[in-house]
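Hi,

Here is the structure I promised to pass on.

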Amino acid sequence: MPSFLYAASRTPFGRFNGGLAGVRPDDLAAAAITSTLARVPGLDPAVIGDVVWGNANGAGEENRNVGRMAALLAGLPVSVPGATVNRLCGSSLDAAMIASRAIETGDADVVLTGGVESMTRAPWVLPKPAKGFPAGDVTAVSTTLGWRLVNPAMPKEWTVSLGEANEQLQERFGISRERQDGFAARSHRLAHEAWEAGFYDDLVTPIDGVDVVRDESIRPGSTPEVLAGLKPVFRPDGTITAGNASPLNDGASAVLLGSERAADLIGADPIARIAGRGVMAMEPQEFGYAPVEAANRALKQAGVGWEQVGAVELNEAFAVQSLACVDAWLALGLGDAELVNQRGGAIAIGHPLGASGGRVLGTLAKVLRETGERWGVAAICIGVGQGLAVVLENVDATA
């Protein structure tokens, strides 16, 4: 039994300490649920078989199973279950993959998926002492991003910062600072153009009472020349800057999946079929390159070659890892690098960790419908050496 994507939406993605800083992550998640269900008014929420929700942090206000909390806050019947998935940056794409398997095995006909992250509101944490109370000071650790409270048994090369890991990737593939800045400028330009053209108008729903209607991190003036003036962040002689890496963000996304027979329950026709899924793991510091094989595996499952792919949504954690992935796919048969992130990417739009997978999946479905292409790939890199990918088939292109 195949699984299909029926609806998708998200909140605007806010800057760190920006316009969404005052909104709790569970409220962000509830807003994404509400806006997605508003797109299918014929659906009785009581028939939703499960809510599968992604979140990378889980240390703050989104603790205690934010998927279930968000469903309750959104007013879904208490009979609708909810679970939270943590595969770091890939959490909401993983949630959609899990939901699609449940549908394909007949465990559910309708599953609501998505993800949320408030990187602004991620708390500082204190580890409990081994015994008694320490006589000296203790250090609060930020849970916003990256390794924290690292197990000393972990090899040092595995636990380098995300930025250092990508500087190592830059050395491996020889991707210049100029290429990275050019890619980042393209992300801002295309995201701005997409907003101006109305592409995101029916994908993004503002949150009531908050004066944020568009993604806050987009900078139309981010030209390669402007970005070239920024200093490297992770190495004095490095190539990665605040301008060619994704920012810290707040936001939520949601995707409604269902079986073919669920169309009558949902009151709408499906948009795309989940045709393939792929997961890949590598050395933790090589995480940025993991989407390459994850996408290859998803395409193999779908029975599709790269030469047939008409659109790719790759989450841009860093320009360097995005370019490394795109270069690999071009060598495998992808027709044109311009097929990747045609409406901008995470460098411009933002990367609220647990929400990004749902964003790329929902965006891909709409790009396929607009362009008329049949096959698309949504892919994401994941800290600690993993990658995920999903292949979508545009149902309109098969009619």
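**What I found**

Leucine 76 is buried, at a relative accessible area of 6% (buried means under 20%, exposed over 50%, partly exposed in between, with a 1.4 Å probe and protein chains only). Before I go on: this is a predicted model, where local features need pLDDT of at least 70 and side-chain atom pairs count only at pLDDT 80 or more, while totals for chains, interfaces and linings use all residues. Residues are numbered from 1 along each chain as its sequence is written, and side-chain values use heavy atoms, with hydrogens and water left out.

Back to leucine 76: you'll find it in the loop between α2 and β4. (Helices are DSSP runs of H or I with at least four residues, strands are runs of E with at least two, and both are numbered from the N terminus.) From leucine 76 to glycine 303 it is 37 Å in space, C-alpha to C-alpha, and 227 residues in sequence.

Valine 78 sits in the loop between α2 (66–73) and β4 (82–85). Its relative accessibility is 66%, so valine 78 counts as exposed. Together with Met69, Leu72 and Leu73, Val78 makes a nonpolar patch on the surface, with about 360 Å² of accessible area in total. For patches, residues need over 30% relative accessible area and no salt bridge; like charges are joined within 9 Å, and nonpolar side chains (Val, Leu, Ile, Met, Phe, Trp, Tyr) within 5 Å. The areas come from the Shrake-Rupley method with a 1.4 Å probe, and for residues only the protein chains shown count as cover.

**Salt bridges**

How many salt bridges are there? The count comes to 19, taking a salt bridge as a side-chain nitrogen of Lys or Arg within 4 Å of a carboxyl oxygen of Asp or Glu.

- Arginine 121 and glutamate 61 meet at 2.7 Å, N to O, in a salt bridge. Arginine 121 is in the loop between β5 (110–118) and β6 (124–125) and glutamate 61 in the loop between β3 (50–54) and α2, so the pair ties together parts 60 residues apart in sequence.
- Aspartate 109 and arginine 261 form a salt bridge at 2.8 Å, N to O. This pair links distant parts of the chain, 152 residues apart: aspartate 109 is in the loop between α3 (91–104) and β5, arginine 261 in the loop between β8 (249–259) and α7 (263–266). Arginine 261 is exposed at 52%, whereas aspartate 109 is partly exposed at 22%.
- Arginine 179 pairs with aspartate 327 in a salt bridge, their closest N and O atoms 3.0 Å apart. Here helix α5 (residues 177–196) is linked to helix α9, with the two residues 148 apart.

**Helices and backbone**

Helix α4 (residues 162–173) packs against helix α9 (residues 319–332) at about 40 degrees, their axes 9 Å apart. (Axes are lines fitted to C-alpha atoms, for helices over the stretch in contact, and angles run from 0 to 180 degrees between N-to-C directions.)

Which residue other than glycine has a phi near 50 degrees? That is leucine 149, in the loop between β7 (141–142) and α4. Asparagine 17 also has a positive phi, about 60 degrees, although it is not a glycine. Asparagine 17 lies in the loop between β2 (14–15) and α1 (25–37).

Cheers
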